[in-house]
Amino acid sequence: MNKPSINTPIWDRERSNCKNRRERGAALANGREVAADDIIRLLETIIEPGDRVCIEGNNQKQADFLAKSLVKTDPALVRDLHLVQSVLALPEHVDLIEQGQVSLIDFSFSGQQAGRLATLVEQGRIKIGAIHTYLELFGRYFVDLTPKVALIAAQMADREGNLYTGPNTEDTPAIVEATAFKNGIVIAQVNEVVDKLPRVDIPADWVDFFVKAPTPHYIEPLFTRDPAQITEIQILMAMIAIKGLYAEYGITSLNHGIGFDTAAIELLLPTYAAELGLKGKICTHWALNPHPTLIPAIEAGFVQSVHSFGSEVGMENYIAARPDIFFVGQDGSMRSNRAFSQAAGHYACDLFIGSTLQIDMGGNSSTATKGRISGFGGAPNMGSDARGRRHASPAWLRAGREGRGSNSMPRGQKLVAQIVETSREHMQPAFVERLDAWDLAESAGMELPPVMIYGEDLTHIITEEGIAHLVRCQNPEEREQAIRGVAGYTQAGLARDKRMVENLRDRGIVQYPQDLGIDKRMATRDLLAARSIRDLVRASGGLYNPPNHFRNW
């Protein structure tokens with residue numbers, strides 16, 4: 001028999017390495033199950049210096065027990081890690097960096113850890129590969145950022161290691177599939193170990209080890225907004241959005257960003273929008289987490305379908321009782337999927353509307369400000385014009401006609417709106433001449449300033465002053481003046497060319513409430529379909545069970 005040449009390439013180094021890790025870990029496991037007391041030793045045994053590690057940190061669901069265990073590992077053994085994960089959500093995610101166990105991070109959003117992260121970057125203690133959008137990061141999991149070790153969270157495991165993720169599936173499928181099929185190790189923390197699962201979301205063949213955590217994994221009720229906190233200014237902006245944008249373009253498929261501004265829109269659908277005769281004409285199909293503030297619109301018959309990125313704490317019974325609206329399995333539980341919902345929002349929705357912290361005079365916006373590296377999550381995917389889209393809809397085609405002018409090749413355009421008050425808390429202006437993102441890029445050594453939504457993709461801005469139809473502007477000068485025209489009493493707004501803004505107003509590019517036939521005096525809380533969390537519970541027929549800290553009765 002011929003022996004292999006000394007130059008014959010070896011094609012299974014990674015597989016052999018994975019097998020060795022799995023065998024080392026097996027000494028601490030009973031089958032695939034590992035005791036909670038042995039999890040730190042398991043991590044130290046399996047993780048090697050320089051590994052690319054994903055700790056499942058989503059918008060909501062957190063592999064918190066595994067994160068806390070990783071922080072307790074020996075830094076001499078677990079070091080030089082490259083973290084690749086959607087959200088740096090937990091203190092432990094940043095603790096790993098402070099302990100010197102992480103040398104590089106690639107992420108999408110940092111939320112409450114934004115300040116700590118900015119400090120570490122300024123001190124030169126961590127390098128950021130990139131601040132990604134969700135789809136971008138998921139895509140790179142399958143190209144050049146594939147995790148070697150994935151630490152994930154699920155609700156249940158059976159004795160074989162099959163996993164049930166329940167309504168908060170979120171990022172799990174993208175993480176697991178990339179890791180399991182490219183010679184990586186998947187470790188899951190679960191709330192329960194049972195004999196039979198309600199359904200199998202992740203098969204056991206894709207899972208190497210699982211551990212029953214001492215406490216259920218944390219889920220952030222990220223999309224719950226108490227209607228009691230919605231202001232009359234936000235109600236006015238919601239009226240402007242509904243009449244000046246949703247009704248104007250006949251928007252049926254859409255995504256809402258997180259915030260009280262969009263919650264106000266949702267709560268005005270059964271009242272103000274219904275009075276305008278818009279039921280069945282707008283807001284029928286959504287890519288959206290199950291927002292509690294959407295309950296009255298669902299009950300009023302406005303909503304036909306909702307596909308979700310994740311779930312929402314307390315909405316489980318309501319979702320199960322509305323299978324015609326949500327994507328619900330035979331077990332009665334919703335199946336969410338962040339990657340699929342991001343793709344739906346990018347390609348299948350006609351509108352994205354969300355908020356931001358800063359907008360410059362070119363319409364570029366960012367949530368990355370001085371002292372905070374917060375990232376963007378999915379907003380850049382949802383808030384961009386999908387050049388690969390080919391199916392037509394009336395709203396998409398109209399925006400394309402307005403935005404492309406006399407271009408000989410017709411195509412549509414996605415509507416992308418930012419809804420912001422002209423001044424934020426502490427009277428910080430939302431409209432600026434220069435984004436803080438430029439300074440942040442310089443201090444962090446980034447190749448590009450971290451812009452959330454580029455001005456070229458932004459079609460509308462809504463403030464308490466009115467609406468700017470940027471898609472109708474014919475040149476950069478008109479776009480700048482349209483932005484200044486709704487920037488209010490900020491320095492950017494006061495620098496407007498009054499004559500030019502009036503010209504834009506005559507052409508319907510800038511519209512103030514009175515131009516839309518909106519009486520500002522009508523913008524009161526009486527318009528809201530629910531004015532408290534308790535009202536939302538009533539609207540759901542008692543099916544919505546809000547987290548305790550949202551209850552005041």
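**Helix H2**

I began with helix H2, residues 39-46, in this predicted model. I looked up which of its residues are buried: they are Ile39, Leu42, Leu43 and Ile46. I then checked where they sit around the axis. Their arc spans only 95 degrees, so they lie on the same side of H2. Next I asked what covers the buried residues of H2. The cover includes two helices, H1 (13-26) and H3 (64-71). It also includes strands S2 (33-34), S7 (149-158), S9 (185-194) and S10 (209-212).

**H4 against H5**

I turned to helix H4 (residues 91-98) and helix H5 (residues 114-122). Their axes are 10 Å apart and the packing angle is about 15 degrees. An angle under 35 degrees counts as roughly parallel, so I note H4 and H5 as roughly parallel to each other. The crossing is left-handed. From H4, the contact uses Pro91, Val94, Asp95, Ile97 and Glu98. From H5, Arg116, Leu117 and Leu120 take part. I sorted the residues of this contact by type: five are nonpolar, three are charged and none is polar.

**H8 against H9**

How are helices H8 and H9 packed, by angle and by axis distance? I read an angle of about 65 degrees for H8 (residues 232-249) and H9 (residues 260-275), with the axes 8 Å apart. That makes H8 roughly perpendicular to H9, because the class runs from 65 to 115 degrees. The crossing of H8 and H9 is right-handed. On the H8 side I listed Gln234, Ile235, Met237, Ala238, Met239, Ala241, Ile242, Lys243 and Tyr246. On the H9 side the contact is made by Phe260, Asp261, Ala264, Ile265, Leu268, Leu269, Tyr272 and Ala273. By type, the residues of this contact divide into 14 nonpolar, one polar and two charged.

**Pro296**

I looked up Pro296 and found it in helix H10, residues 295-299. Is Pro296 buried or exposed? Its relative accessibility is 8%, so Pro296 counts as buried. I set aside its neighbours within four places in sequence and listed its contacts. Leu267 and Pro270 are among them.

**Asp205**

I placed Asp205 in the loop between S9 and S10. Its relative accessibility is 71%, so Asp205 counts as exposed. In sequence, Asp205 and Arg32 are 173 residues apart. In space, I read 10 Å from C-alpha to C-alpha for Asp205 and Arg32.

I checked two loop residues for backbone phi. Asp80 is not a glycine, yet its phi is positive, about 55 degrees. Asp80 sits in the loop between H3 and strand S4 (81-87). I found a relative accessible area of 37%, so Asp80 is partly exposed.

Glu170 is not a glycine and has a positive phi of about 50 degrees. I located Glu170 in the loop between strand S8 (163-164) and helix H7 (172-180). How accessible is Glu170? I read 1% relative accessibility, so Glu170 counts as buried.

Conventions
Residues are numbered from 1 along each chain as its sequence is written. This is a predicted model: local features need pLDDT of at least 70, side-chain atom pairs count only at pLDDT 80 or more; totals for chains, interfaces and linings use all residues. Side-chain values use heavy atoms; hydrogens and water are left out. Axes are lines fitted to C-alpha atoms, for helices over the stretch in contact, and angles run from 0 to 180 degrees between N-to-C directions. Helices (H or I, at least four residues) and strands (E, at least two) are DSSP runs, numbered from the N terminus. Angles under 35 degrees count as roughly parallel, over 145 as roughly antiparallel, 65 to 115 as roughly perpendicular and the rest as oblique. A crossing is left-handed if the near helix is turned anticlockwise from the far one by less than a right angle, and right-handed if clockwise. Contact means heavy atoms within 4.5 Å. Ala, Val, Leu, Ile, Met, Phe, Trp, Tyr, Cys and Pro count as nonpolar, Asp, Glu, Lys and Arg as charged, and the others, Gly among them, as polar. Buried means under 20% relative accessible area, exposed over 50%, partly exposed in between (1.4 Å probe, protein chains only). The arc is that of the directions from the helix axis to the C-beta atoms.
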